[in-house]
Every structure is written in structure tokens, then in C-alpha cells.
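Here is a short report for a reader meeting this structure for the first time. Please look over the sequence and the structure before reading on.

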Amino acid sequence: KTTVIIPPVINGMYILIHPIIFFMRIISGKHKGRNLLAPKTEDVRPTLDIVKQAFFTKMQFEIESARFLDLFGGSGAIGIEALSRGAEVTICDNNPTSINLIRSNLKLIGETCDVELIDYKKFLKTNKKQFDIIYVDPPYEHTKAYASALKLIKENTQLSNDGTVVCESYFENRIDFSGYNVVCQKKYGTVVLTYLKPSQQN
């Protein structure tokens with residue numbers, strides 16, 4: 001479910017940094033065009049380039065210097081893209097393999113950020129700082145994780161004043177956005193991006 005970048009070819013042979021792993025790519029910011037290692041398992045679904053491009057184009061004036069949370073890090077593609085555009089980034093995931101991949105990619109481009117091996121519920125219940133942008137992108141089949149994360153974000157005041165939550169989901173999924181106003185919703189093939197602001201009602 002991802003666009004992969006064909007790695008360099010030398011003497012007619014593909015050069016792989018890791019068996020099976022090809023590349024993802026940074027599409028914008030100071031690391032634009034840099035290749036990243038992609039997950040070698042289908043359990044992790046990197047965000048498609050067309051979706052990343054749409055998100056970062058829409059949020060281009062809010063990203064720089066924003067406190068950005070990639071709540072379901074997976075491949076780290078979204079968080080690293082935000083980092084490339086100048087955001088202060090935190091990436092969470094409960095999978096050690098994903099965390100190792102994210103840290104490897106950060107090392108590959110010479111960057112650092114806050115990377116947390118933690119379940120999203122525990123993070124949202126214990127985190128003490130607020131974020132300007134929170135990207136919510138659990139595995140598409142885990143539809144209840146969206147409502148759970150949104151509820152915890154609001155209950156624990158994880159979003160700054162005028163902050164935005166963005167949910168990436170499969171177009172056929174029915175997501176419960178209770179407690180939020182849908183500011184914008186766009187479909188890209190089978191993927192939907194929904195931009196949310198907390199409603200004033202509890």
C-alpha cells in the first residue's frame with residue numbers, strides 16, 4: 001500500500017541497504033529527495049506520497065516550528081517529513097521494530113527527535129506537553145483506535161489552542177469524530193484525510 005522508490009543501480013544490480021527493504025522518500029523541506037528505509041513487513045503501511053503531499057501542502061504555513069505528534073509512527077514517514085519542514089516532532093509507536101526503523105532513518109539523515117516506544121493510550125494519559133498538530137493514523141482495520149485516541153487527546157488537553165488533529169483513514173471506514181468539528185475532509189483514492197478541531201461541547 002505504498003509507493004516505493006527504486007534504489008540506486010550499479011552495474012545493472014539494485015543496491016539494498018537491508019534485505020527486502022527498498023526506500024521511502026522525503027518529499028519536502030530541507031531533506032527533500034532523501035531516501036529512507038521502508039518497512040520490510042506488510043504490517044506497517046507507510047503513507048502514500050500523494051497523501052503526504054496533500055497534507056503538507058495544506059498545512060504548509062502551520063508546520064514550521066509547530067509541536068507535531070505522529071501518534072502511530074509506523075514507518076515514521078509523516079513525523080520525519082514534518083521534521084524536514086522544521087517542526088518539533090514526537091513520534092510514538094508500540095512496535096519495537098518500527099521504533100528501530102524510525103531511529104535508523106533519523107540517523108540516515110542526521111536528525112534527532114523525540115521517539116517513544118509506547119502505546120498511544122499510555123502516551124496520551126501521561127504526556128505533559130501540548131501539540132499544535134496531531135497526526136492520527138492507526139492501522140486502518142483498528143477503527144476503534146481513532147475514537148479512543150480522539151477522546152484521550154481532548155480529555156487530557158493534548159492539543160494547543162487552535163491546534164489541529166488530522167486523521168488518515170480508509171475511505172470505507174466509519175470513524176466516530178464525537179467531540180470534534182470536521183473542518184475539512186478530502187479523499188485521495190482509497191485514503192481519506194480529515195482535519196478536526198475540538199468542539200466546545202463536552
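The report below goes from the sheet to the helices and then to the core.

The model is predicted. An open sheet of 7 strands runs through it, in the order β7-β6-β5-β8-β9-β11-β10. The pairing is mixed. From one strand to the next, the twist averages 15°. β7 (114–117) and β10 stand at the edges, each with a single partner strand, so one side of each has no neighbour in the sheet.

Strands of a sheet pair through backbone hydrogen bonds, either parallel or antiparallel.

| Strands | Direction | Bridges | Facing residues |
|---|---|---|---|
| β5 (67–70) and β6 (88–93) | parallel | 4 bridges | Phe68 and Val89 |
| β10 and β11 | antiparallel | 8 bridges | Tyr188 and Val191 |

How does the chain get from β5 to β6, and what is the hand of the crossover? Strands β5 and β6 run parallel, and the chain passes between them through helix α3 (residues 77–84). This β-α-β crossover is right-handed.

Helix α4 (residues 96–109) lies across β6 and β7. Its direction is at about 165° to β7.

Helix α6 covers residues 143–155. At 1.5 Å a residue, its 13 residues should span 18 Å. The end C-alpha atoms are 19 Å apart, which agrees. Thr157 follows the helix, with a positive phi near 50°. Which residues of α6 are buried? They are Ala145, Tyr146, Ser148, Ala149, Leu150, Leu152 and Ile153. These buried residues pack against α5 (120–126), β8 (131–136), β9 (159–170), β10 (180–188) and β11 (191–198).

Nonpolar side chains tend to be buried together in soluble globular proteins. The largest nonpolar core in this model has 56 residues. Phe55, Phe68, Leu71, Leu124, Val136 and Val165 have the most contacts inside it. Helix α6 gives the most to this core, with 6 residues.

Beyond its neighbours within four places in sequence, Leu124 is in contact with residues including Ala149, Leu152 and Ile153. Its other contacts include Leu69, Leu71, Asn156 and Gln158.

Is Asp49 buried or exposed? Its relative accessibility is 15%, so Asp49 counts as buried; the cut-off is under 20%. Leaving aside neighbours within four places in sequence, Asp49 is in contact with Arg25 and Ile27.

Conventions. Residues numbered from 1 in each chain as written. Predicted model: local features only at pLDDT ≥ 70, side-chain atom pairs only at ≥ 80, totals over all residues. Heavy atoms only, no water. Helix = DSSP H or I, 4+ residues; strand = E, 2+ residues; numbered from the N terminus. Expected span 1.5 Å × (residues − 1). Buried < 20%, exposed > 50% of the residue type's maximum accessible area, 1.4 Å probe, protein only. Contact = heavy atoms within 4.5 Å. Pairing = 2+ DSSP bridges. Right-handed = clockwise from strand over helix to strand, strands pointing away. Core = buried A, V, L, I, M, F, W, Y, C linked by side-chain atoms within 4.5 Å. Axes fitted to C-alpha atoms, helices over the stretch in contact; angles between N-to-C directions.
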